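Dear colleague,

Please find below the structure that I am handing over to you.

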Amino acid sequence: MNLHEYQGKEILSSFGVRIQRGIVAHNHKEAVDAAKELTNETGTSWYVVKAQVHAGGRGKGGGVKLAKNLQEVESISNDIIGMMLVTPQTSAEGKKVNQVLICEDVYYPGESETEEYYMSVLLNRETGRNMIMYSTEGGMDIETVAEETPHLIFTEEIDPSLGLLAFQARKIAFNLGLSGGALKEMVKFVSALYTAYIKSDSSMFEINPVLKTSDNKIMAVDAKVTLDDSALYRHKDYAEMRDLREENPIEVEANAAGLNYVDLDGNVGCMVNGAGLAMGTMDLIKQSGGEPANFLDVGGTADAERVEKGFRIILKDPAVKAILVNIFGGIVRCDRVAQGIVDAYKNMGDAIQVPIIVRLQGTNAIEAKQLIDASGLPVHSVVEFQEAANKVQEVLA
Ligand code: GDP
Ligand code: MN
């Protein structure tokens with residue numbers, strides 16, 4: 001589950017990670033109140049207005065702006081709240097901004113220069129260990145750094161039985177070119193960050209930038225936090241942070257019905273049982289020249305009710321021009337599934353306006369094909385996998 005920046009910062013702060021202070025506002029009046037409160041708390045007279053959406057690159061899209069007084073806080077917030085924010089990480093239509101985070105300005109002038117670093121905590125799936133990835137090249141797109149100057153990205157792997165060791169935190173601070181008070185601050189920052197990652201059961205933290213202020217404080221200016229869904233039962237308060245407005249509405253509905261559905265860009269709807277077969281089906285559609293419109297695993301019990309729900313979910317995507325049903329009948333017999341498809345089809349009447357190709361393989365596959373062929377419904381029934389993909393191309397042509 002992904003969080004908004006302000007929620008991520010809340011979690012970080014609760015574990016002692018220093019953050020750029022901020023207060024959420026839903027309209028320009030709340031924004032001005034938030035700014036006043038920040039001034040009381042921190043003494044700041046400049047502010048940053050930050051759009052809260054689940055997408056990075058907000059700065060580039062005009063979703064992060066400096067305000068040098070309360071009037072600017074008001075007018076900038078008014079502009080940003082309600083806008084469709086387009087960033088390199090959103091679709092072309094963008095994401096609606098429902099709220100902004102009003103932050104203290106932390107790039108104030110002082111004795112020394114401010115510096116921006118990159119830092120993330122995530123699982124290295126090859127070694128099965130958590131690692132801290134960091135770079136002196138903060139504030140920029142880390143993919144670009146990885147491409148152009150990969151030697152400026154460092155990683156530190158953490159032994160799960162020992163946790164982050166003091167020397168590792170010092171090494172990170174040292175590699176970032178810090179010394180004196182700033183080095184000590186960074187050691188504290190890294191240690192608190194790793195503790196937060198473990199204790200919150202997160203699967204990813206990305207802090208870009210981590211800022212060294214001109215008075216040598218180290219703080220998180222941005223926070224991208226992904227929580228591990230499987231651990232949410234241990235964190236009821238985090239589970240409540242879920243913002244369904246940020247998620248794909250078809251995926252939300254499918255997941256509520258217990259279907260494992262991921263929306264994709266193509267035009268061939270897929271209904272499959274088992275995640276592995278679903279991946280294989282998507283591959284074959286692509287190899288045959290098509291583009292899958294979704295990933296959908298209906299799970300073990302492909303009865304009429306689930307098949308119907310699956311059809312209805314797939315058809316919510318207007319791009320779908322054909323549906324391929326690819327089911328392996330192992331525990332659930334193919335003729336049972338075939339009956340489910342026929343019943344669902346009859347039940348849905350005119351709701352299905354696209355060709356359906358059904359491939360059932362496994363126990364009673366022949367009986368299943370006969371059942372579908374005898375139903376008189378406009379459903380193409382095939383036995384071989386490749387044949388199914390070819391049929392899809394044929395009906396689309
Ligand atoms: P992102 O663009 O979605 O990654 O949003 P960030 O939270 O990283 O903000 C984008 C950029 O805004 C940062 O890289 C900073 O350069 C700038 N920024 C953030 N906070 C401040 C601030 O307090 N003062 C100033 N002057 N700039 C800031
Ligand atoms: Mn950022």
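A pocket, as the word is used here, is an open set of grid points where a 1.4 Å probe fits, with protein on both sides within 12 Å along at least five of seven lines. Please bear in mind that the model is a predicted one.

The second largest pocket holds about 200 Å³ of space. Its lining consists of Leu122, Leu123, Arg125, Asn130, Tyr197, Ile198, Asp201, Ser202, Ser203 and Asp228. Strand S7 (115–124), helix H6 (180–199) and strand S10 are the elements that give two or more residues to this lining.

The manganese ion (ligand 2) is coordinated at 2.2 Å by Asn208 (O) and Asp222 (OD). Asn208 belongs to strand S10 (residues 202–212), while Asp222 sits in the loop between strand S11 (218–220) and strand S12 (224–227), so the pair ties together parts that are 14 residues apart in sequence. Asn208 and Asp222 are both buried.

Finally, there is the matter of the cysteines. A disulfide requires two cysteine sulfur atoms within 2.5 Å, and the count by this rule is zero. For the sulfur of Cys270, the closest cysteine sulfur is that of Cys334, 18 Å away, which is too far for a bond. Cys270 counts as buried, at 1% relative accessibility, and Cys334 is likewise buried, at 1%.

Yours sincerely

Terms used: Residues numbered from 1 in each chain as written. Chains lettered and ligands numbered in written order. Predicted model: local features only at pLDDT ≥ 70, side-chain atom pairs only at ≥ 80, totals over all residues. Heavy atoms only, no water. Donors = N, O, S within 2.8 Å, 3.2 Å for Na, K, Ca; no water. Helix = DSSP H or I, 4+ residues; strand = E, 2+ residues; numbered from the N terminus. Buried < 20%, exposed > 50% of the residue type's maximum accessible area, 1.4 Å probe, protein only. 1 Å grid on protein atoms, 1.4 Å probe; cavity = no way out; pocket = protein on both sides within 12 Å on 5 of 7 lines; lining within 4 Å. Points joined across faces, edges and corners; volume = space filled by probe spheres on them.
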